[in-house]
Amino acid sequence: MRLPTPYRPEADIVSHRLASLKGALDWALVVPAASPWVRAVRDKPPPFWAMESLLREYPISSAEGLALMRLAEALLRVPDAETAIALTADQLGRADFDGSADSTLSRLSSSAIALSKKFLPHLSDGLGQADAEPGLMARLGARTVVAATLRAVQLLGRQFVLGQSIDEAMGEARSAHRKHAALRFSYDMLGEGARTDADALRYLDSYVNAIQSIASGADRTGTPEHNDGISIKLSALHPRYEDAQRERVMQELVPRVWQLCVLAADANLNLTIDAEEVDRLELSLDVFEALAAQVAAERPQWRGFGLAMQAYQTRALELVEHVTAIARKYKLRLMCRLVKGAYWDAEIKRTQELGLPHYPVFTHKHHTDLSYLACARALLAAPDAIYPQFATHNAGTIAAILQMAGDVPFELQRLHGMGEGVYREVMKSTSAPVRIYAPVGQHKDLLAYLVRRLLENGANSSFVNQLGDESVGMDELLVSPLWLEREVSLPLPHELYGPPPARRNSNGVDLTVESMRAPLLDALAVTTVPGVPEFEANRAADAVAASAASYRSWTRTPVAQRAAALRHAADALDAALPRFCALLVKEAAKTWGDAVAEVREAVDFLRYYADEAERVMQPIALPGPTGESNELRLTGRGPWVCISPWNFPLAIFLGQVAAALATGNTVLAKPAEQTPAVALEAVKLLHAAGVPTDAVQLLHGPGETVGAALVAAPGVAGVVFTGSTQVAKIIHRALAAKDGPIVPLIAETGGINAMVVDSSALPEQVVDAVVQSAFRSAGQRCSALRLLLIHESIADDVIEMIRGAAEELVAGDPAQLATDVGPVIDREAFDGIQRHLQRLNAQAKTLVAPALPPQEVPNLVPPHAYEVPSIDSVTSEIFGPVLHVVRWSGEPQTVIDRINALGFGLTLGIQTRIDSRAQAMAARAHVGNIYVNRNIIGAVVGVQPFGGEGLSGTGPKAGGPHYLLRFCAEQTLTINTTAAGGNAALLAASA
């Protein structure tokens, strides 16, 4: 790796940054330098429509600000009037615009919005339907309000997008040049990361056209910093710009970017590679150095190549030092933009979800400000290698840079539509050039960009937000960031569920970090899949007898002791993560990402059920009449048969077993016949943690013999099963036919899981969710997406994007980091899927159907997708990477009713920006797990309890607070406390 790990203690890094600034900056001189700028801006504030003013009047922490932000994000892309009306009514209806505002213009706008709401339908059902059929005037009024709102959003877009085309933007720039000769521009062609190669090539053409246009007015005799330039986003130029696809990225992306570099170099322009997320930084540096080497070899005179760097990353200073070393290595002068950072919330969530040891970004804003200053000092210290470009709207930061710079050349940067007031004043007191980062593109393409800017600058702690707030004093606004806060502002991921003694989150792995993935690859090299002897079905009665004997002692073991054994097992599994991941890859054909996630889920099950058992098995004192005590308590039932599937051979296996053990039961564990080795190692781990040998027995063999014998055996107290609906019904009938006690069954089965997409959804978000839900794990998840329902008004574009994204997936050997889709579990599964595909090829419209690859990897099925005419034409689940697509129109509630009619009810996805619609659809659906605006897989223990209804299972939900109750018998104990001669407690109380 080029840089240190991103997951280091924040306090250690900040201490180093403070030391690097010692003697370089006197903050006491910053305040008097910046104060006049702040006073001037407050005396002459920006116009009402400027970002600062909007954030002051409608802060995003308020319902009004959030409603306007959501409208700005979604309304322009909605193609049909009914959805646009529903979206506008939903968002404006969630806020109170009748309140007071601080200025005449803002009061006028609030009054206009409040009046407009009266013309919108009241969406009582949340599904875009009014309480009653609206009359002509109401419909006309609603359409008028939507049209006006659309126009307002378009006007808002004009404040933050320089032009809808490069020619329009350059025209605006020329007007600005005439007013301020020192202004320069860096154009950013709006567009998020490419999902398909067609997207990437379209963005490439856009960049080529932009550079050629900018070149037409460039000065080719001076240096690039005097010309306008362009910023490019690597993730927009390749659909798989990610670490796992490194080889492909270097082969395909570098030539594309080099094409742009040649155009920029020959025109003497600045070309900056924009910053990306933490997990792409090492890859970005590989690409950057490859391009730097080509610049040195073919365009050594060019001084305009550069990189944007994010100060909020904890590796920012090391990045500056590394890039400086690259410049000196190739004898180049680079132009480097320093920014605070644009993906803070996403980085925090990713770190929490992955269970990583520390955050890769600073959790305190002033730490980011401090990091920015440390990076600025390092950039200014290398004028032979770096021309620094400081992008900031913070007056204190600007004053600090001016103090540190001395005679070193540099430039300042601001975003178009932001920071105008501050820079109006700064430009009066410094000759440093100012460059405007100027987005270019259609207003509907600005949505993600605009929302990111709003989130960054609308936070209560941001300088832009506080600048317009007169209640924030000068001392507070310009307070020094040069101090260390030792505690992070957020819980570290391992304490996501609370500080000790709360349950510890499982430890994860960032596979993009070489030092974190190396132990997994090392384990793979030495791991072999052990053989597991088959259990003889005719010995089922003996196994049950041994289990029953062990139950008598295990159930009397205090619950705290049972829980401790499970926690010991969890800790041991956490420590053995590389070995278990390697075993999952080899035996279950898991990809590395899926293997890590499964080990973590198993750890979480062990810890969660340990905690839950201690909670639910405490006796409950119940109220009643004087003279008696009443107590409700839970006990174990006896030996449980746990039958687990091959698709989660560790997590579901251990989840079932841990739940039974925690509640004082003993276990007869029948793993899937395809994956017994994983189960064997898990049982060894439980035994080593203190669970008696007979309390959990591994009984490997076919379901038709071993499984059936265990279910039929007398003395079995319960059965927990995960698998197909068909087998669940067989078990149910077998239990019902037995003599003796009525035996409880917990069954979790699959389903025809659907995702409903309306026309307000963000297509890129939909495509990401669909590809993950339908094709990750080769579609071999109970929760996987089988049926995608897309509103007809956006179906063509979304389907085309899904097709392109699916074709970019890599199907192959799961042991390779680049593999997205591994093989299905065995030949029987492969042959069954092939029969379904033959039927669909004959009956449905093919969307994605790649040729079957050479079977170098046995049982490999690449992603497939087909368009079918209706929901009810999908009658069975295909347990593999096969997606059915249906176009829908009409009312959302009708779509939900048709999904319910299928009879399954495991997972459902809803993609909409209409909040009330999402809530109403969820309430109408007979589905166990509903996910809004995200994928529908990867339920987290204790966070998203998992399980379905109808044909998808019996409940209760695994990983939820009600699960353990089903493993228990209830006992009420009533004691007559007066039997020994009277009610002493009552008499004492009345004395």
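Mentor: Happy to. Contact here means heavy atoms within 4.5 Å, and helices (H or I, at least four residues) and strands (E, at least two) are DSSP runs, numbered from the N terminus. This is a predicted model, where local features need pLDDT of at least 70, side-chain atom pairs count only at pLDDT 80 or more, and totals for chains, interfaces and linings use all residues. Residues are numbered from 1 along each chain as its sequence is written, and side-chain values use heavy atoms, with hydrogens and water left out.

Trainee: Which residues of H5 meet H34?

Mentor: Thr 83, Ala 86, Asp 90 and Gln 91 in H5 meet Asp 915, Ser 916 and Arg 917 in H34. That contact divides into 1 nonpolar, 3 polar and 3 charged residues. In this count Ala, Val, Leu, Ile, Met, Phe, Trp, Tyr, Cys and Pro are nonpolar, Asp, Glu, Lys and Arg are charged, and the others, Gly among them, are polar.

Trainee: And at what angle do H5 and H34 pack?

Mentor: About 100 degrees, with the axes of H5 (residues 81-92) and H34 (residues 915-924) 8 Å apart. Axes are lines fitted to C-alpha atoms, for helices over the stretch in contact, and angles run from 0 to 180 degrees between N-to-C directions. The pair is therefore roughly perpendicular; the cut-offs are under 35 degrees for roughly parallel, over 145 for roughly antiparallel, 65 to 115 for roughly perpendicular, and oblique for the rest.

Trainee: What about H25 and H26, what's their angle?

Mentor: About 10 degrees, with axes 9 Å apart, which makes H25 roughly parallel to H26. Their contact divides into 10 nonpolar, 1 polar and 2 charged residues. Phe 605, Leu 606 and Tyr 609 are among those from H25, and Leu 654 and Gly 655 are among those from H26.

Trainee: What do the buried residues of H23 pack against?

Mentor: Helices H22 (540-554), H24 (577-588), H25 (592-616), H26 (651-662) and H27 (676-688). Buried means under 20% relative accessible area, exposed over 50%, and partly exposed in between (1.4 Å probe, protein chains only). The buried residues of H23 include Arg 562, Leu 566, Leu 573 and Asp 574.

Trainee: How far apart are the end C-alpha atoms of H23?

Mentor: They are 24 Å apart, which agrees with the 24 Å that its 17 residues (559-575) should span at 1.5 Å a residue. The expected span is 1.5 Å times one less than the number of residues.

Trainee: Switching topic: how many residues are in the largest nonpolar core?

Mentor: It has 112, and those with the most contacts inside it are Tyr 187, Leu 271, Phe 305, Val 323 and Phe 390. Helix H11 (residues 246-267) gives the most to this core, with 11 residues. Apart from it lies another core, of 75 residues, Val 616 and Phe 653 among them. A nonpolar core is a set of buried Ala, Val, Leu, Ile, Met, Phe, Trp, Tyr and Cys residues joined through side-chain atoms within 4.5 Å.

Trainee: Which peptide bonds are cis?

Mentor: A cis bond joins Pro 500 and Pro 501, with omega about 15 degrees, and another joins Gly 955 and Pro 956, with omega about -5 degrees. Pro 501 sits in the loop between H20 (474-477) and H21 (514-526).

Trainee: Last one: is Ala 778 buried or exposed?

Mentor: Buried, at a relative accessible area of 3%. Its phi is near 55 degrees, a positive value in a residue other than glycine. Lys 331 also has phi near 55 degrees, but Lys 331 counts as exposed at 74% relative accessibility.
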